Amino acid sequence: MLKPYDVESHAAESTPHSSVLTSAVTKTRPPRKTKMKKLFVLDTNVLMHDPTSLFRFEEHDLYLPIATLEELDSHKRGLSDVSRNARQASRFLDEIVIGDDIKSGLAIKTKDGQSSRGKLFLQTEAINGNLPSTLASGKTDNQILSVVRHLQEQKPEREVVLVSKDINMRIKARALGLAAEDYFNDKVLEDADLLYTGVRPLPKDFWNTHGKDMESWKKEGHTYYRVRGPLVPKLHVNEFVYDESGDRPLHTIVKEAEGRVAVLETLKDYTHTKNEVWGITARNREQNFALNLLMNPAVDFVTLLGQAGTGKTLLALAAGLTQVLDDKRYSEIIMTRVTVPIGEDIGFLPGTEEEKMTPWMGALEDNLDILNATDESGGEWGRAATRDLVRSRIKVKSLNFMRGRTFVNKWLIIDEAQNLTPKQMKTLITRAGPGTKVVCLGNIAQIDTPYLTEGSSGLSYVVDRMKGWSHSGHVTLARGERSRLADHAAEAL
């Protein structure tokens with residue numbers, strides 16, 4: 001018996017007119033439409049936010065108005081990140097703008113020397129697009145809008161889109177009937193709710209679907225389970241999975257995950273006073289998960305997310321002090337944070353680097369007071385001595401002087417990490433030398449840096465990029481433990 005494709009091939013061979021029929025069919029088929037490239041007009045803030053944006057539009061073409069170049073030039077002086085990005089964008093443009101054929105477009109060469117499929121167009125003539133008289137013609141934003149309007153009229157067959165990080169600019173463009181978009185390439189995710197939490201509840205039928213041929217063994221006080229099933233490919237290494245449906249809750253961490261086989265390890269119970277860390281015990285499930293990561297010497301990088309009062313700084317400090325002073329695993333704690341004020345800045349401060357950072361480190365002092373209060377032995381003199389010893393092992397550093405440094409055998413805490421850009425985050429994490437552990441703390445709902453959103457924050461970036469690595473872990477702390485007032489305010493206000 002012939003297979004289906006054998007029948008077809010046999011029929012094709014035995015039919016004398018098959019070639020004629022085939023050619024007739026191909027002639028009547030309509031030609032495939034070629035996809036028209038878009039033309040993206042870049043606002044200055046896109047280049048100052050991400051200089052590499054020039055290379056990130058794939059096959060589409062870019063257009064730079066002269067107003068964008070002027071604004072880029074006016075921002076290139078200074079030592080801020082914006083100024084550095086403006087200078088870098090200018091260098092990239094200098095590499096691209098080689099040749100005389102500017103009107104027909106310049107090939108955008110990516111950094112590895114390959115030709116990009118898109119072209120770069122520069123404004124080579126004065127453009128006066130018809131804008132409403134109420135829009136001031138001298139303003140840079142309005143000049144760029146008039147260029148977009150002109151290009152739209154000149155090239156009706158192409159989709160002309162303005163790309164800007166400025167919300168008001170995009171609103172104005174849409175009000176004028178122009179297409180406008182945000183720059184999305186730097187965003188890790190569209191919705192902050194989709195961010196990896198590091199915690200996963202097991203479905204009710206988990207043991208029915210994954211319990212077949214399950215292996216179990218004990219080693220060094222932990223119980224291990226080797227499970228197989230459909231959920232395993234979705235699991236990440238160092239992700240916490242729990243089952244609280246039975247009489248005794250099961251809290252485990254994924255130690256291995258390959259194909260459809262995973263190894264789960266039971267956790268150390270830090271909610272019990274016998275396992276307290278510097279006098280602190282975990283008050284809820286997520287805090288227990290966080291302490292398991294913080295106290296694990298095999299994990300070099302930990303990220304803790306959570307709203308105010310979930311205990312991020314307290315847990316990181318307690319775990320750090322235990323491992324610096326009791327276990328002697330690290331030599332000292334280094335704490336740093338972004339100095340973005342909530343209100344008006346308080347001006348220049350006198351003193352050393354540590355003294356200048358003191359107003360920003362109120363959270364550190366508050367948590368040290370709590371940790372010192374847990375030590376009841378030795379009375380007031382004992383507590384004062386402990387406070388001095390603890391304070392001598394904690395260094396407060398400014399982010400401004402981090403470049404070029406290497407921290408060896410340190411416990412590095414990066415507080416308020418949601419205000420860092422991905423580039424700043426990379427600069428900080430790459431400071432880690434041998435034996436150093438980096439702990440990033442933050443709340444992506446409280447971003448104070450302009451142009452950073454929940455999706456493009458450096459904290460979201462590292463959580464997404466570092467998940468699944470065997471030496472990193474992440475926990476999103478869910479419940480506030482500060483006070484009933486703080487918890488209610490976080491929800492109601």
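**Basis.** I am working with a predicted model, in which local features need pLDDT of at least 70, side-chain atom pairs count only at pLDDT 80 or more, and totals for chains, interfaces and linings use all residues. Residues are numbered from 1 along each chain as its sequence is written, and side-chain values use heavy atoms, with hydrogens and water left out.

**Overall.** I recorded 16 helices and 18 strands in the protein; helices (H or I, at least four residues) and strands (E, at least two) are DSSP runs, numbered from the N terminus. Of the 493 residues, 43% are buried, where buried means under 20% relative accessible area, exposed over 50%, and partly exposed in between, with a 1.4 Å probe and protein chains only. Contacts, meaning heavy atoms within 4.5 Å, I also sorted by sequence separation. Among those between residues at least 6 apart in sequence, 66% join residues at least 24 apart.

**Sheet.** I traced an open sheet of six strands with parallel pairing, in the order E15-E14-E16-E17-E13-E18. Its edge strands are E15 (394–398) and E18 (472–476), each of which pairs on one side only. From one strand to the next, the twist averages 15°. Helix H9 (residues 285–294) packs on this sheet, touching E13, E16, E17 and E18, and its direction makes about 160° with that of E18. For such angles, axes are lines fitted to C-alpha atoms, for helices over the stretch in contact, and the values run from 0 to 180 degrees between N-to-C directions.

**Strands E13 and E18.** I counted five bridges joining E13 to E18, which run parallel. Four of the five residues of E18 are buried. Thr303 lies in strand E13 (residues 301–305), and its bridge partner in E18 is His474. The side chains of Thr303 and His474 also make a polar contact at 2.9 Å. A polar contact is a pair of N or O atoms within 3.5 Å; within protein, one must be able to donate a hydrogen and the other to accept it, and residues adjacent in sequence count only if both atoms are side-chain atoms. Why does Thr303 count as buried? Thr303 counts as buried because its relative accessibility is 1%. Beyond four places in sequence, its contacts include Cys440, Leu459, Val462 and Val463.

**Helices H9 and H10.** I found H9 and helix H10 (residues 312–326) packed at an angle of about 35°, their axes 10 Å apart. At this contact, Gln287, Ala290, Leu291 and Leu294 in H9 meet Leu315, Ala316, Ala319 and Gln323 in H10. By class, the contact has six nonpolar, two polar and no charged residues.

**Glu416.** I placed Glu416 in the loop between E16 and helix H14 (422–429). Glu416 is partly exposed, because its relative accessible area is 22%. Outside four places in sequence, Glu416 is in contact with Arg337, Val338 and Leu441. The C-alpha atoms of Glu416 and Leu305 are separated by 9.9 Å, although the two are 111 residues apart along the chain.

Notes. Two strands pair if DSSP finds at least two bridges between them. Ala, Val, Leu, Ile, Met, Phe, Trp, Tyr, Cys and Pro count as nonpolar, Asp, Glu, Lys and Arg as charged, and the others, Gly among them, as polar.
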